[in-house]
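User: I'd like to learn how to read the contacts in this model. Could you take me through them one by one?

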Protein chains: 2
Amino acid sequence: MTPLVRAFVSHFGEMGSRWGINRTVGQIYALIYVSQRALNADEIGEALEFSRSNVSMGLKELQAWRLVQLRHLSGDRREYFEAPGNAWEVFRTLAEERRRREIEPTLSMLRSALMEEAGNEEDRHAQARMRDMHTLIEQLTNWFDDIQRLDSATLSKLMGMGATVHKLLDFTDKFKRDKR
Amino acid sequence: MTPLVRAFVSHFGEMGSRWGINRTVGQIYALIYVSQRALNADEIGEALEFSRSNVSMGLKELQAWRLVQLRHLSGDRREYFEAPGNAWEVFRTLAEERRRREIEPTLSMLRSALMEEAGNEEDRHAQARMRDMHTLIEQLTNWFDDIQRLDSATLSKLMGMGATVHKLLDFTDKFKRDKR
DNA sequence: ACGAAGTTTCAGGCATTTCTGAAAACTCAG
DNA sequence: CTGAGTTTTCAGAAATGCCTGAAACTTCGT
């Protein structure tokens, strides 16, 4: 590993631990991400100085997150791994997985708590707070879904506009009002 | 604690650990969040069965995240804590803090890696991948900043539109073209 | 200035998570 | 079916992170 790659990999290790992903997994991903060609488990283990079994577990987890793809090179029985190249795609995948693992369970917990009959003032207040949270999360995730459905051209146009969206919205408001 | 609150609190404990925030901190926040009135450290410790010092550390961390506010009740020397009520506000705060702690350091690491002179093919490729990542993160955070600057009325209008934004964009494209 | 009430710090014990090496299991060519 | 090459599993060692109680510190009323 060159010093450049080493710095990148080690930063991802640190960051990984802040994200509930462990250091090893973060480093493995980082290495695969910047690598020119697909890597096999031995190469990864050697570069990062992890045991073979640790690499195997890390790769399993990265596959579960769909952040890494298995490939077979012809004439080689070993498994090679590479990271999907399109950064947007990666972001999407990450968002989907986090949603599935974190958002959905939280929403379902909130829904079931909101179904309960609140027997006292305290519970009624708690439910009101939970309802706020539920509403916000649903709003955000629905919006995110909608956005995600846009093709990337439209999306980048939208993002390029940034805060000027509000002018557009004002404008259409006026337009609608004039028509009436 | 009622069973309703207990369920909520314990879910947040679990989720906390997936987010790099520890279980205790998650539970303390959850308890304060659903509580009707501000709580002091002893009340929290008693409800959750944590030691007094553990509560103190947890509260310190929550204050660092700006998720919890200190209040003094008149005629009581103890410190009381409450969670800001507006869910949007909370989301914003969370996003800002995560940005400061995770995104900014990553961007600055990437920038400095991109300044390096790449001596070989491998590093050149790594830099290209890092550039992709840098571009994506900047795009996303800039956009997020813009959005955040919108007042909540405009924001909810925008979110309400969801994917139909693209119609609006098509429309303005056409409009501009006609004017030319 | 003192003491009571309250909060924070921190070293060490405890618990959880991560990592390893050995062994088991799988895969495929011959 | 055999065995070489490869991956996975898993029990326990190592590392990390968490929690506690005791002590230090802070604040405030008298």
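Analyst: Let's start with a term: a salt bridge is a side-chain nitrogen of Lys or Arg within 4 Å of a carboxyl oxygen of Asp or Glu. Here A:R66 makes one with A:E96, with 3.1 Å between the closest N and O atoms. Bear in mind that this is a predicted model, where local features need pLDDT of at least 70 and side-chain atom pairs count only at pLDDT 80 or more, while totals for chains, interfaces and linings use all residues. Side-chain values use heavy atoms, without hydrogens and water; residues are numbered from 1 along each chain as its sequence is written, and chains are lettered from A and ligands numbered from 1 in the order in which they are written.

User: Which domains does the assignment give for chain A?

Analyst: Domain bounds come from an automatic or database domain assignment. For chain A that gives domain 1 (3-82) and domain 2 (87-152). Their C-alpha centres lie 31 Å apart. As for contact (heavy atoms within 4.5 Å), 6 residues from domain 1 of chain A and 7 residues from domain 2 of chain A take part.

User: How much area do domain 1 of chain A and domain 2 of chain A bury between them?

Analyst: Buried area is the accessible area (1.4 Å probe) that two parts lose on being put together, summed over both. The two domains of chain A bury about 790 Å², with 57% of it on carbon and sulfur atoms. On the domain 1 side, A:W19, A:W65 and A:R66 supply 69% of the area buried against domain 2, more than any other three residues. The count of salt bridges between these domains is 2.

User: Now the DNA. Which residues are closest to DNA strand D?

Analyst: Near means that one of a residue's heavy atoms lies within 4 Å of the molecule or strand. DNA strand D has 15 residues around it, the closest being A:R52, B:T24, B:S51, B:S53 and B:R77.

User: What do the side chains of B:T24 and B:S53 approach?

Analyst: An N or O atom in the B:T24 side chain is 2.5 Å from a phosphate oxygen of DNA strand D. For B:S53, a side-chain N or O atom sits 2.7 Å from a base oxygen of DNA strand D.

Conventions: Polar contact = N/O pair within 3.5 Å; in protein donor to acceptor, adjacent residues only side chain to side chain.
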